[in-house]
Amino acid sequence: MTKTLIKNVTAVNEGEVKIVDVLIVGERIEKIEKSITEKIENVNVINAEGLHLIPGLIDDQVHFREPGLMHKGNIHSESRAAVAGGITSFMDMPNTHPNTVTLQLLEEKYQLASKSSMANYSFFMGINKNNLDEALRINNENICGLSDDGLYFDSQDGIMANYPDYLEKVFSKSDSLIALHCEDDSIIEKNLISIESQYGKNIPAEFHAIIRNEEACFVATKRVLDIAKKHNTRFHVLHVSTEKEANLFDNNIPLHKKRITAEACIHHLWFTDKDYKTLGNHIKWNPSIKSEPNKIGLLQALKDHKLDIIATDHAPHTIAEKNGNYFESKSGGPLVQHALLVLFELYHQNKISLEQLVQNTSHNVAEIYRMKDRGYLREGYYADLVLIDLNKTWTATQQTILYKCGWSPFTDYEFKSKVVGTFVNGAHVYDKGVFQDDATGKRLLFNKER
Ligand SMILES: [Zn+2]
């Protein structure tokens with residue numbers, strides 16, 4: 001069994017920041033102490049003085065594009081970028097081709113990941129108009145939940161949040177966690193017709209925030225929340241993008257008792273509608289990037305425990321697919337490699353503390369999904385760890401981009417912090433730019449009770 005001793009590291013965990021030694025034996029954390037001085041045979045010692053150690057990020061919303069869309073990305077390429085960015089576990093969405101809407105297709109994805117994923121993995125079972133009976137049969141102990149993210153409800157006919165009768169059925173019957181994308185199709189359609197009548201096909205990028213506006217998000221989120229509350233469903237709202245939606249969530253119950261949870265995504269915490277001027281459709285996401293007060297409101301809602309976690313919604317497209325006019329440019333962009341570093345930028349701007357950052361990206365995700373033995377720096381837990389230099393300035397040049405799609409909205413951005421190393425199940429899979437490419441993560445496991 002490999003043994004690694006990380007010495008004199010500043011650990012951020014469970015609301016505390018303190019200097020410790022951490023001993024990893026095999027896949028797990030063996031010991032965390034102020035100072036480990038005993039003699040240990042065959043141990044790799046890392047002197048981490050001046051570096052920070054956090055539990056690896058658990059990203060509950062990625063689109064790694066395998067199978068079927070591998071010109072955009074694949075499980076290996078994107079999980080490799082993820083570990084370089086400090087993400088040690090991910091949950092992938094069902095809008096691959098074919099859509100992951102049967103148990104067999106779902107298991108096939110797990111098979112693919114078992115051979116090529118550098119991070120730990122789980123895959124959402126897709127839910128649409130036609131597969132409710134099958135979706136209700138997922139095993140909550142080894143599948144993270146149900147999601148419609150990126151799927152149409154019925155062929156090209158809108159998304160599930162717009163079908164309350166069907167939501168009633170799903171929410172009353174499922175005992176799984178259900179994670180949905182909430183935007184109102186009819187409001188978006190009405191806005192689009194109005195803007196298109198003024199601009200034709202060449203709608204300027206900033207109008208994305210007006211077409212997919214605050215109201216479209218609020219109306220849909222409120223509608224779905226009310227149905228979830230009625231049935232006491234275990235419901236998780238993906239990528240909340242407005243302050244008004246964030247204020248719909250309770251912060252007066254402890255997380256482990258919440259039946260309804262919600263997340264903010266990196267891009268909504270960083271960009272605002274002013275950035276469309278320079279980045280154009282490269283920051284076209286659904287839900288859209290909106291005004292500055294929304295960004296500030298989301299950060300405040302995380303602080304106030306109205307929102308619980310931070311995810312990426314990493315959704316690579318080729319640069320050709322992002323270019324072109326408003327109608328041609330696909331929504332989504334790659335984020336896993338720089339997500340943690342963006343949060344450290346917010347830390348350097350005094351907008352988030354290190355303790356809260358870890359809470360939102362790791363502890364709370366583990367709690368929401370009832371994950372087994374992950375999400376904390378604790379003895380006996382899996383050694384999913386990230387070593388960070390908080391004060392190491394570097395520029396994300398084109399050559400450093402690891403995504404299969406080869407671009408990033410952060411190309412040429414100068415970050416103040418750097419990921420130094422990443423451990424997944426005790427394996428040092430990323431070490432100062434060097435990858436252990438044959439390393440594979442594990443299937444995530446969960447406690448049954450949701
Ligand atoms: Zn979505």
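This briefing describes aromatic ring pairs and charge–ring contacts in the structure. The model is predicted. It holds 21 aromatic pairs. A pair of aromatic rings is described by the distance of the centres and the angle of the planes.

**The F271–W285 pair**
- F271 and W285 are stacked, with 6.1 Å from centre to centre and 25° between the planes.
- This pair joins distant parts of the chain, its two residues being 14 residues apart.
- F271 belongs to the loop between α9 (266-270) and α10 (276-279), whereas W285 belongs to the loop between α10 and α11 (292-303).
- Both F271 and W285 are buried.

**The Y413–F415 pair**
- Y413 and F415 form an edge-to-face pair, with a centre-to-centre distance of 4.8 Å and an angle of 65° between the planes.
- Y413 has a relative accessible area of 26% and is therefore partly exposed.
- F415 counts as buried because its relative accessibility is 0%.

**The ring cluster**
- Ring pairs connect W270, F271, W285, W394, F410, Y413 and F415 into a cluster.
- The members of this cluster include F271 and W285 as well as Y413 and F415, the residues of the stacked pair and of the edge-to-face pair described above.

**Charges over rings**
- K284 is positioned over the face of Y326, 4.4 Å from the ring centre.
- R374 places its charged end over the ring of Y382, at 3.8 Å from the centre of that ring.

Technical notes:
Residues are numbered from 1 along each chain as its sequence is written. This is a predicted model: local features need pLDDT of at least 70, side-chain atom pairs count only at pLDDT 80 or more; totals for chains, interfaces and linings use all residues. Side-chain values use heavy atoms; hydrogens and water are left out. Rings of Phe, Tyr and Trp (its six-membered ring) pair if their centres lie within 6.5 Å; planes under 30 degrees apart count as stacked, over 60 as edge-to-face and the rest as tilted. Helices (H or I, at least four residues) and strands (E, at least two) are DSSP runs, numbered from the N terminus. Buried means under 20% relative accessible area, exposed over 50%, partly exposed in between (1.4 Å probe, protein chains only). A charge sits over a ring if NZ of Lys or CZ of Arg is within 6 Å of the ring centre and within 35 degrees of the ring normal.
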